[in-house]
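I opened this model to look up its sheet, its ligand site and a few single residues. My entries follow in the order of looking.

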Amino acid sequence: MFSTGWHPKLTLEHEMSLRNYSTRKRILVTGGAGFLGSHLCERLLAEGNDVLCADNFYTGTKDNIAHLLPNPHFELMRHDVTFPLFVEVDAIYNLACPASPIHYQFDPVQTTKTSVHGAINMLGLRICLSTL
Ligand SMILES: NC(=O)c1ccc[n+]([C@@H]2O[C@H](COP(=O)([O-])OP(=O)(O)OC[C@H]3O[C@@H](n4cnc5c(N)ncnc54)[C@H](O)[C@@H]3O)[C@@H](O)[C@H]2O)c1
């Protein structure tokens with residue numbers, strides 16, 4: 001039992017139950033089916049947010065997020081971040097990139113595109129959203 005800091009005397013479960021459409025944040029996690037991303041999705045859901053996970057399953061698997069799929073506040077989208085994406089969200093965590101040397105050296109061009117184009121596309125999305 002711990003508090004997220006939304007209110008010092010409320011437990012995480014109480015805070016979640018008090019959240020509604022206006023206080024619930026919509027959060028995009030790219031690479032959300034990976035090691036770090038899947039745990040981040042879990043945590044963000046537990047904090048009462050709507051989570052959109054975008055992943056092309058290059059190194060991540062659906063097994064990592066299978067337990068989150070029944071949650072109505074979780075959405076999964078197969079998407080490669082080297083291509084532009086437009087979704088309305090309040091925050092973006094860009095974790096899409098193979099992390100272990102075996103994986104990122106397997107296709108160095110794709111790894112570089114994911115790091116560079118992926119970051120540019122996510123920054124572009126952020127800029128688009130700030131103009132809405
Ligand atoms: N694991 C660590 O200890 C650690 C430490 C520091 C930084 N990081 C960084 O955090 C990020 C995630 O690491 P991880 O350990 O979770 O790696 P991971 O390989 O488990 O997860 C990466 C996820 O990104 C997805 N992905 C790869 N290319 C993609 C693309 N083009 N479009 C969409 N999705 C794509 C993969 O399918 C996978 O689900 C990496 O950038 C890594 O460098 C990881």
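Entry one, a strand pair. I looked up strand E1, residues 26-30, and found that E1 pairs with E4 in the parallel sense over four bridges. I took strands as DSSP runs of E of at least two residues and helices as runs of H or I of at least four, both numbered from the N terminus. Two strands count as paired if DSSP finds at least two bridges between them. Within this pair, Val29 has Tyr93 of E4 as its bridge partner.

A note on sources. The model is predicted, so I kept in mind that local features need pLDDT of at least 70 and side-chain atom pairs pLDDT 80 or more, while totals for chains, interfaces and linings use all residues. Residues are numbered from 1 along each chain as its sequence is written, and side-chain values use heavy atoms, with hydrogens and water left out.

Entry two, the sheet. I read the strand order as E3-E2-E1-E4, an open sheet of four strands with parallel pairing. Strand E3 (74-78) and strand E4 (91-94) are the edges, each pairing on one side only. From one strand to the next the twist averages 15 degrees.

Entry three, the helices on the sheet. Helix H2, residues 35-46, packs there and touches E1, strand E2 (50-55), E3 and E4. The direction of H2 makes about 170 degrees with that of E1. Helix H4, residues 108-130, also packs on the sheet, touching E1 and E4, and its direction makes about 175 degrees with that of E4. Contact means heavy atoms within 4.5 Å. Axes are lines fitted to C-alpha atoms, for helices over the stretch in contact, and angles run from 0 to 180 degrees between N-to-C directions.

A polar side-chain atom of Thr114 is 3.1 Å from a nitrogen atom of the ligand.

I located Thr114 in helix H4. Is Thr114 buried or exposed? Thr114 is buried, at a relative accessible area of 9% (buried is under 20%, exposed over 50%, partly exposed in between, with a 1.4 Å probe and protein chains only). Leaving aside residues up to four places away in sequence, Thr114 touches Val81, Thr82, Ala96, Cys97 and Ala119.

Methods
A polar contact is a pair of N or O atoms within 3.5 Å; within protein, one must be able to donate a hydrogen and the other to accept it, and residues adjacent in sequence count only if both atoms are side-chain atoms.
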